[in-house]
Amino acid sequence: MAKSSRLNKWLISGPPLIYLIIFFAIPSLIMAFAAFRFPGDYGGLLPLIATNPETGANELLVNAQNWRDYLTFENFGLFFTDSIYVELFAKSFWYAGLTTLICLVMAYPLAWLIARSPKKYRDLMILLVILPFWSNFLIRVYAWMIILGPQGYFSMAINQVLALIGVGPVQLMFSHFAVIIVLVYVHLPFMVLPLYANLEKHDMALLDAAQDLGASGWQRFWKVTWPLSLPGVWAGAALVFIPALGMFAVPDLVGGTDGIMIGNLIKQQFLDSRDWPFGSVLSIMLTLAVLLLAGLAALIGRGGKRNAL
Amino acid sequence: MHSKQSKWLWAAALFAYAFLYVPLIIVVVYSFNDSKLNAEWVGFTFKWYEVLFNNEQMLVAARNSLIIAIITSFCATVLGTLAGLAMHKYKLRLLPLLVLTPIAIPEILMGVSLLIFFVMLNMTLGLVSVALAHIAFCIGFVAIVVRSRLQGMDEALVEAARDLGATPIQAFRLVTMPLIMPGIIAGALMAFTLSIDDFVITFFTAGAGASTLPLQIYSMIRIAVTPEVNAISTLLMLLTLFLIVVASKIAPSALRAD
């Protein structure tokens with residue numbers, strides 16, 4: 001019996017486990033290792049294995065004596081010697097942070113309203129939030145390219161208003177503004193859903209009790225609803241911040257030269273300059289940033305829950 | 001609720017809904033505009049749809065997307081369902097980590113690491129590499145849906161079946177499986193849409209070998225904005241709507257936000 005249940009366990013968990021080890025864990029480890037290697041002559045990576053022309057067998061080129069010719073810490077040094085990379089990381093954090101904040105401000109009243117609506121409308125209202133999210137991500141970016149384009153009605157209207165107060169025309173496309181607004185647009189549902197899931201569970205009696213005790217509307221929100229909703233806020237913040245941090249398509253399409261983020265640099269290293277070791281360094285830095293944030297969010301989230309209780 | 005408060009709430013919510021929908025409506029409207037520019041409204045036309053259906057590259061890309069999505073949703077559903085079952089039944093450490101991390105990290109990281117991996121294996125980048133990559137990131141989504149369905153299931157039903165003499169396999173096939181079927185279907189639909197929509201991971205793993213619809217749209221909107229893109233966007237939105245309607249018919253729980 002014990003034997004067959006062990007067998008069952010392996011039959012069930014084995015296939016997905018093996019698949020993910022091959023196509024997720026191993027590639028990730030290879031990428032981490034690539035950060036310590038040298039770029040090849042034609043991009044990619046300097047080979048560690050070569051075919052011996054005499055024997056025809058594959059031989060490992062790197063050994064204890066010559067490992068310095070094949071492995072290096074310099075790629076990491078490069079990251080810290082030129083401040084431009086650290087600055088780009090800081091800028092990406094700023095973009096992602098601002099995006100998260102704007103999403104939170106827009107999503108909160110919406111999530112609250114849906115959570116307090118009669119039950120029969122709730123599913124429909126939440127479906128209306130998810131629906132645009134089901135259309136392709138590039139289509140949603142493209143929609144803003146039309147709106148922000150210099151010949152679009154929106155740009156023209158804004159520039160006419162600006163002209164009235166004597167301010168010269170502004171270009172909305174290819175700006176920081178464009179990157180932020182599109183990042184907010186593509187991530188907004190990620191914030192609404194966890195907030196709604198949290199707010200829906202709140203016990204309305206708590207608000208009534210607060211009111212009976214003389215709390216004003218603002219006090220009731222700040223002292224009751226907000227602390228209780230913190231787990232939802234943190235979940236939403238993580239769901240918006242992390243993908244926004246690694247984004248490359250949005251800055252590529254609407255950011256212009258000013259608006260690039262870490263993701264653009266990573267993409268550039270892998271596909272254009274083909275400096276894979278440095279691209280891997282950047283990817284590792286991004287991974288570390290995400291892990292750090294996830295750890296931090298888990299800590300604060302736990303603290304938030306304790307405070308709420 | 002005070003009416004003044006709720007008025008503000010409604011205003012904010014309506015603004016958020018408008019923010020979500022107006023851009024997409026603009027895309028649909030411009031797909032019928034008889035002008036090469038996405039600017040002034042000139043007149044009504046279907047010509048961009050005609051242009052679209054005569055665009056060979058676009059049709060090939062659509063076919064590629066469809067092939068990859070079908071393969072992906074099949075394989076990811078099988079593997080993801082197993083993962084969901086395993087995570088529900090057993091206390092595991094490695095599997096949940098491997099299943100959930102791809103969802104939590106930025107997509108670009110998975111894209112570039114798979115690029116290095118496939119190139120190292122001397123694999124020609126194309127439909128196969130894209131499908132392998134898509135399966136890897138879809139497994140987690142299917143597993144989550146299936147696991148949440150299992151958590152809502154009454155274990156007593158399986159025990160009752162066992163008491164009545166069913167073998168474990170019979171109990172699974174006749175009791176567990178039908179009960180979690182909506183979750184499995186929801187997971188399959190999710191994998192299908194995730195695959196057909198994915199841009200980032202596809203971008204790194206497709207090479208020059210295979211273009212998909214998102215890659216095709218990306219290259220078109222990078223060079224110049226053309227009304228053809230409005231037309232394909234409108235059609236894709238219609239397809240999505242259709243899938244949602246289908247999903248709500250066969251698996252209502254697929255649409256529940258939990």
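Me: Is A:Asn198 buried or exposed, and why?
Reply: A:Asn198 counts as buried because its relative accessibility is 13%, where buried means under 20% relative accessible area, exposed over 50% and partly exposed in between (1.4 Å probe, protein chains only). The model is a predicted one, in which local features need pLDDT of at least 70, side-chain atom pairs count only at pLDDT 80 or more, and totals for chains, interfaces and linings use all residues. Residues are numbered from 1 along each chain as its sequence is written, chains are lettered from A and ligands numbered from 1 in the order in which they are written, and side-chain values use heavy atoms, with hydrogens and water left out.

Me: Which helix does A:Asn198 lie in?
Reply: A:Asn198 belongs to helix 8 (residues 176–199) of chain A; helices (H or I, at least four residues) are DSSP runs numbered from the N terminus, as are strands (E, at least two).

Me: And what is A:Asn198 in contact with?
Reply: Setting aside neighbours within four places in sequence, A:Asn198 contacts A:Leu228, A:Ser229, A:Pro231 and A:Gly232, contact being heavy atoms within 4.5 Å.

Me: Now the interface. How many residues of chain B are in contact with chain A?
Reply: 80 residues of chain B are in contact with 76 residues of chain A. The area buried between the two chains is about 7,200 Å², with carbon and sulfur atoms giving 82%; this is the accessible area (1.4 Å probe) that two parts lose on being put together, summed over both.

Me: Which side chains meet in a salt bridge there?
Reply: Those of B:Arg222 and A:Asp252 do, at 3.4 Å, N to O.

Me: Which helix gives the largest share of the side of chain B that touches chain A?
Reply: Helix 1 (residues 3–30) of chain B does, with 15 residues.

Me: What about helix 10 of chain B, how many residues are buried?
Reply: In helix 10 (residues 213–223) of chain B, 8 of its 11 residues are buried, so the helix is mostly covered. Among the buried residues are B:Gln216, B:Tyr218 and B:Met220.

Me: Last topic: how many residues has the largest nonpolar core?
Reply: The largest nonpolar core has 164 residues, and those with the most contacts inside it are A:Phe137, A:Val250, A:Val254, B:Ile108 and B:Phe199. Such a core is a set of buried Ala, Val, Leu, Ile, Met, Phe, Trp, Tyr and Cys residues joined through side-chain atoms within 4.5 Å. Helix 4 (residues 83–116) of chain A supplies the largest share of this core, 16 residues.

Notes
A salt bridge is a side-chain nitrogen of Lys or Arg within 4 Å of a carboxyl oxygen of Asp or Glu.
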